[in-house]
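Colleague: Could you walk me through this fold and tell me what each label rests on? I would like to see the cut-offs next to the values.

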Amino acid sequence: MRLYDYKFSPVSDRRKWMDTVKIKFGLGYFGGKQFVGKYLMNRLFNMAVRMEDDGNKADIFIDAFTGGGKIGLSVPEGWFEMIVINDLDYGVVSYFEACRDEPDKLIKLIEEIGGCMCEELFEVFVYNRCNSSASAISEIKKEYNNDDRISDKIVEPLLAAAMTYWVVQSEFNGCTAPGTANYSLNIGDKDEKEEIRNIIELAKKRIPKVHDIIKKRNVIIESLDYRELIKKYNGKPYKDSDGAEHPEDEAMSKKNKLWYFDPPYHPATLFGGKDAPYMMGFPIGMVHEMTEILHNDMMDEFGEIKYFIKSDYNPKYRYEEEYSKTDKDLKVLPDLQGAYHDFDVLEENDKNSRRYQDKDIEYYVECIGDFGKGTVDADGKQTFGREYIWCRGNYQGEESSNWKYNGMEQLK
């Protein structure tokens, strides 16, 4: 079902079609949207219809923090002229580029590595898959105290792609950060050789599918800081990480964009206030800066973000529930005292209802549900986060609030 079919179909037909939509991904990456993917896709489709109703039919869909690609790669053919998937992780970007440009070579290399895959090699991959340049190696050494597992050699993109695939598939939660990622293929009663064979067979099935999606749906792969990405696709001048100057692009500025932002988890959402296990974190300062950009407080520099969906755990909930209980706990996150939540200003339009009917609503926020975050607390119990989505673009929630996907139940 394409945009106009979806727009003019009754709700019952939309729901039937949504049940057939498959959430695809290139990597089983940490923080993937396997539990809420269809819910987010439903919101994305409705936002695209809203844009068309407003006379601003979306030309481009931009997944600014693509990770494993569950959202960007799941958008059906025919909804947008172009789909952009962006990530700063060198290994992740190399993987998607290899799927696009040389899938057979990638599969062959993955298979060759499988012949010697083990826990020691996994550790080497974890510490070196993002060695894209001398400066990157220097940063990694600085971050991880010159760990002797970090090589001085630059890793070529195809090898970085294969290394990233093996790290993600060999780690229980798909974590990739040194010091956090743990080899899981030999845990318990697992047959390590059989697990390795299964990972190789999965690559043979998955990579050709990712290749076809990228080619057929005009998927553009970027590796930009999200601020550079916004400037580029809003047609604003910017300087990239290599120092190259990029002029204003008037044609791009006129394109209608639907943005999706799913940044690395806020530091307050994990037990102990630690950053989520990504190679690159998203500290509180960047969270507040992103709020200003998305709230269009910096339009002269970044242009206007007219239509967006942002998905994230709510630090306000985590802070109030866990860290405000005792004075001792408050010391864990001194930088968050009084800060609470990055999108407080957007909650003004919530009215504590997902059925808020004011057609002039500019921002919209709703709680999707509580989800386990793959971490445990001091007592060994699984920790949960309350995930929200924020939207801008004359948006209203669905009348039906009882949809369930993959066991996920929305909160009332």
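Modeller: Gladly! Let's begin with contact, which means heavy atoms within 4.5 Å. Helices (H or I, at least four residues) and strands (E, at least two) are DSSP runs, numbered from the N terminus. This is a predicted model, where local features need pLDDT of at least 70, side-chain atom pairs count only at pLDDT 80 or more, and totals for chains, interfaces and linings use all residues. Residues are numbered from 1 along each chain as its sequence is written, and side-chain values use heavy atoms, with hydrogens and water left out.

Colleague: Thanks. How many helices and strands does the protein chain have?

Modeller: There are 15 helices and 11 strands. Among contacts between residues at least 6 apart in sequence, 70% join residues at least 24 apart.

Colleague: What makes a residue count as buried?

Modeller: Buried means under 20% relative accessible area, exposed means over 50%, and partly exposed is in between (1.4 Å probe, protein chains only). Of the 412 residues in the protein chain, 54% count as buried.

Colleague: Then why is Lys204 called partly exposed?

Modeller: Its relative accessible area is 33%, and partly exposed is the name for values between the two cut-offs, so the label follows. Lys204 is found in helix α9. Leaving out residues up to four places away in sequence, Lys204 touches Ile107 and Glu111. The C-alpha atoms of Lys204 and Ile110 are separated by 9.3 Å, although these residues are 94 residues apart along the chain.

Colleague: And why does Met47 count as buried?

Modeller: Met47, in helix α3, has 0% relative accessibility, so the buried label applies. Between Met47 and Arg392 there are 9.1 Å in space, C-alpha to C-alpha, and 345 residues in sequence.

Colleague: What about Gly26: why is that one counted as buried?

Modeller: Gly26 also comes out at 0% relative accessibility, so it counts as buried. Gly26 sits in the loop between α2 and α3. Setting aside neighbours within four places in sequence, Gly26 is in contact with Gly68, Leu73, Tyr95, Phe96, Arg206 and Val210.

Colleague: Now the helix pairs. Why are α5 and α9 called roughly antiparallel?

Modeller: Axes are lines fitted to C-alpha atoms, for helices over the stretch in contact, and angles run from 0 to 180 degrees between N-to-C directions. Under 35 degrees counts as roughly parallel, over 145 as roughly antiparallel, 65 to 115 as roughly perpendicular, and the rest as oblique. Helix α5 (residues 103-114) and helix α9 (residues 192-216) pack at about 170°, with axes 10 Å apart. That is why α5 and α9 are roughly antiparallel. Residues meeting at this pairing include Leu106 and Ile110 from α5, and Ile200 and Ala203 from α9.

Colleague: What makes α4 and α9 roughly perpendicular?

Modeller: Helix α4 (residues 90-101) and α9 pack at an angle of about 80°, with axes 8 Å apart, and therefore α4 and α9 are roughly perpendicular. From α4, Tyr95, Phe96, Cys99 and Arg100 meet Arg206, Ile207, Val210, His211, Ile214 and Lys215 in α9.

Colleague: How do you know where the buried residues of α2 lie around the axis?

Modeller: In helix α2 (residues 11-20), the buried residues are Arg14, Trp17 and Met18. They cover an arc of only 105° around the axis, which puts them on the same side of α2. That arc is taken from the directions from the helix axis to the C-beta atoms. The face turned away from that side carries the exposed Lys16, Asp19 and Thr20. An α-helix has 3.6 residues a turn, so residues three or four places apart point the same way.

Colleague: Which residues are buried in α7?

Modeller: Ala136, Ile137 and Ile140 are buried in helix α7 (residues 134-143). Their arc is only 100° around the axis, which puts them on the same side of α7. What covers them includes α6 (119-128), while the face turned away carries the exposed Ala134, Glu139 and Lys142.

Colleague: Finally, what makes a set of residues a nonpolar core?

Modeller: Such a core is a set of buried Ala, Val, Leu, Ile, Met, Phe, Trp, Tyr and Cys residues joined through side-chain atoms within 4.5 Å. The largest one here has 80 residues, of which Leu44 and Leu258 touch the most other members. Its largest share, nine residues, comes from helix α3 (residues 37-53). Apart from it lies another core, of 26 residues, including Leu229 and Phe282.
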